[in-house]
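Please look over the structure below before reading on. The briefing is meant for someone who has not seen it before.

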Amino acid sequence: MEVSFSYLDACLGVLVAWGAIGVAGLIRPRSVEFAGRTLFPLGAVCGVMLTVVAIASIAAPTERAVLPVGLPDLPFHIRRDALSAVFLALLGGASAGISVFSAGYFRKGEGALPGLLCLEYHVFLAAMGLVLIADDAYAFMVAWETMALASYFLVTTQHRIAEIRSAGFLYLLIAHVGAIGILLSFGVMQGGSWQFTFDAMRSAHIAPEWASAAFCLALFGFGAKAGLVPLHVWLPEAHPAAPSPVSALMSGVMLKTAVYGLLRVSFDLLHGVQWWWGLLALAFGLGSAFYGVIFAAVQTDMKRLLAWSSIENLGIVFTGIGLTLVFQGCDMSALAALALIATLYHALNHAFMKSVLFLGTGSVLHATGQRNLGRLGGLIHRMPWVTWLTLVGVLAIAGLPPLNGFVSEWLLLQAFLFAGEVPQAFVNMLLPVGAAVVALCTALAGYVMVKFFGVIFLGQPREASLAGAHDAGVMERIGLLWLAGACIALGLLPVQVVHLLGSVVQELLHVGPGDWGVDGWLLAPPAARHASYGPLALFAVTVAVVVLGAVGVRVWFGRRARRGPAWDCGFVRLDSRMQDTAEGFGQPIRHMFEPFFSMQRELPTPFDALPRYRVTVGDRIWGLVYAPLGAVVRGTAEFAARLQQGRIATYLLYSFVTLVVLLALVL
Amino acid sequence: MTPLRIVTQLLEIAAALIAAPAFLGWVNQCRAWLQNRRAPSVLQPYYGLRKLFGKDVILAENASALFRFAPYAVFGTMVAAAAIIPSMGTGLPLSTAADAIALVGLLATARVFVSLAAMDVGTAFGTLGARREMMVGFLAEPALLMVLFVAAMISHTTSLPLIAEGLTTRALALYPSLAFTAVAFTLVLLAENARIPVDNPATHLELTMIHEAMLLEYSGRHLAMMEWAAALKLFNYACIGFALFIPWGTGTEAGGPAALMLAAPLLALKLAVAGAGLAVVETLSAKLRVFRAPEFLATAFLLAVLGLLVYLLLGA
């Protein structure tokens, strides 16, 4: 078919449009209506166009271009292939919903001018898009840095609050530590040719040890961006500090650029995947998943809970990457295809699920002014739209059929079932244990989400001021509907999604994925063991039973319903404080997994006039890794500071000694 | 989609719906006999359901639409689960749409809806029950998944009817891994269905309740649906156990209608023995402190993982 335009040009056009919209925000920076009614919806339309173009282009052949931007000898190379297209579709789809939501969300009092927010937001989107289509290390790093800086400014929107400033600093610090890792990885991969285009890296021949070094550096660098334990410490600080749409964008889309980067490095730029790389990724992935979910269960701030949940989900994605690497390294391509599709599907799902949840918390924050779970409750009566749409996200992320979270979990568990056929015997033992950990994390995710939804939206309001909460506006509802609808669509139509993702598998693993659909509605991976999943049929049967049950009961018995007081067990004065608190809901996890937490307890004594009980749950990794590192850095800096004596005589002496040494070397 | 398959499917759903309360009644009978009491008749749960359906519903003032919808959702997922478990026959057309992992997912959906509805009214008992139910669930669900994994690895499929068929056709050999997972499965069954030693189904002390605490606010037809769903859950778990560990007698497709007709009395016999066994276990055990329930379930989880490792080491 003759195309009159290239898909790559269309994607580039969307990115340029985003940049233009961002700059347009500076025309009238103080006007909320301009940003909210015109610019953000335009950005959303661009996002939808990007999704459409990306989906249409997944099966199309690779396109390349060279942009005249950049240094004279180092222009930007860009390329669109199937892997980029999938992640571009993710970027466009998730950002469209978030942009529509932001159109209604950003009001005065966010700490920055609306026009400035518009600029930072759209530059962030454009930078992420450029990361996904960059074809040389220079363009990639420039886009990566822009992405980090734009998101830093977005995170520190309310920069007058000291906590938010320090959260932003920590975020920037770890982002740059990761960027160093990525840069070094590119440096290793150019293999002596000193050409930093990805094509040069693809054709370079590097020894297996150097390839392993490049992979480890890439895992470090991209893991820092994705929030892999132990480089995760910035996530629970930065996501709550940022405004909710920004948190959604960071959690939903930015973390996936790290996944894209690792996939690009492992399968495209490096040749000869070694199977033990997969074990490394698997170990870190499973560790992050478990660590993230148990910490999420004990949080008392709704956005920190979601941030830790993001760490868990990215852990599961990295587990999938690890599994793919193990299978590919052992030349089991069909199974690697299964694992890769599970990974990509989970990344796609998480973008939409987590965005719904973060945007829901944004609406709650605007309506109530509260982030603390101990001051929320009963919002289902005041905010029905937000509640029911957030429920879709909650059920999806808990991995319940027939929504999308279950499909990716199903595919991943099917991939794990094959782990027993790997040639290495001890890997045979370890991988099914990995499956057990994944199952445990999924069950714990259900626990966390019941806590999240139940404490915020259900029950009785824990504060009197919650009676004044108002539901979300029109734009916010449309944004939430778009994202929740995507969750439902990804859940009920897995065959079509897998069909699209098959092109990526073809490109990266050089194996045809085969026909995964039976009659177009039953998902049956040909590599899997006689297993199939048909969510539409399952959903239809359940709905049929529910409807028949409701109608049957109504017809045969038809009794009425009336209201009365709740069961109080004879205790007359029940109030909202007697409900379970967020701390209470996390208590079983704290009790069972105590070694992982560092807890400070403040216990009341019998002599206190106002007895207070407080428990603060902290991250042990701070004390084990970061505090000693920080002490070493500070010690080294103070030692080096001794060089700065502050006397001119000493500095002249330094210059003289340097001159003498250099003369001695040259002569 | 042969007529036999459609008949098998509908028969299984009908059998589950009709027989589940009777199974519960039988377990109560056996318990009463063992405890030297006189039990109500085996049909008592049916009388209870009929009574409840005929009563008005009283909703708490704070109850929302989620609370009113939850009993139907729970009932629907339990019936969907019953539709894919091969209790009488293995020719189930719906099992292609949902395999063992989806079955665990359906049970998890029911658990989440029950917990959310319990948190909806906003009293101390409901939220306490929800927290405890999720605590039991987050360890029981992976244990059940591991048990199904072992069976799936032995039979090279995750579809429950095919697992049952595969285990039937093998020689009557003892699989060590299945022995481990049988113990784990029994522990999970006790925990998930609110049986002693994890939870006392006959208690009326709210602070000792796990499952019952979530039902405190329901009345009328909602309570009837929830109780029926609970009976269905026990029936489903028993049938999963039969399919994995005692699959002989299930009507395979090769057997035709005759095998299907034979399967019904065989299922009744299996349920009678299982119900008596359950009553014996409940009578001989004491209820655990709630803080000890995670240890109980962790044992189940570890036994299931052990079964998996035994399978990988021994190949059987």
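**Confidence**
- Chain B has a mean pLDDT of 90, and 99% of its residues reach 70 or more.
- Where pLDDT is low, the predicted coordinates should not be read in detail.

**S363 in chain A**
- S363(A) is part of helix 13 of chain A, which covers residues 333-368.
- The relative accessibility of S363(A) is 4%, so this residue counts as buried, the cut-off being under 20%.
- Leaving aside residues up to four places away in sequence, S363(A) touches F101(A), Y105(A), M383(A), V386(A), A472(A) and E476(A).

**A nonpolar patch in chain A**
- A nonpolar surface patch of about 1,200 Å² includes L653(A), F656(A), V657(A) and L667(A) among its residues.
- F656(A), one of the patch residues, sits in helix 22 of chain A, residues 648-666.
- F656(A) has a relative accessible area of 55% and is therefore exposed, since exposed means over 50%.

**A276 in chain B**
- A276(B) belongs to helix 9 of chain B, which runs over residues 256-284.
- With 28% relative accessibility, A276(B) counts as partly exposed, because the value falls between the 20% and 50% cut-offs.
- Not counting residues up to four places away in sequence, A276(B) touches W26(B) and C30(B).
- From C-alpha to C-alpha, A276(B) and L260(B) are 25 Å apart in space, and they are 16 residues apart in sequence.

Definitions and conventions:
Residues are numbered from 1 along each chain as its sequence is written. Chains are lettered from A and ligands numbered from 1 in the order in which they are written. This is a predicted model: local features need pLDDT of at least 70, side-chain atom pairs count only at pLDDT 80 or more; totals for chains, interfaces and linings use all residues. Side-chain values use heavy atoms; hydrogens and water are left out. pLDDT is the predictor's confidence in each residue, from 0 to 100. Helices (H or I, at least four residues) and strands (E, at least two) are DSSP runs, numbered from the N terminus. Buried means under 20% relative accessible area, exposed over 50%, partly exposed in between (1.4 Å probe, protein chains only). Contact means heavy atoms within 4.5 Å. Patches are made of residues with over 30% relative accessible area and no salt bridge: like charges are joined within 9 Å, nonpolar side chains (Val, Leu, Ile, Met, Phe, Trp, Tyr) within 5 Å. Accessible areas come from the Shrake-Rupley method with a 1.4 Å probe; for residues, only the protein chains shown count as cover. A salt bridge is a side-chain nitrogen of Lys or Arg within 4 Å of a carboxyl oxygen of Asp or Glu.
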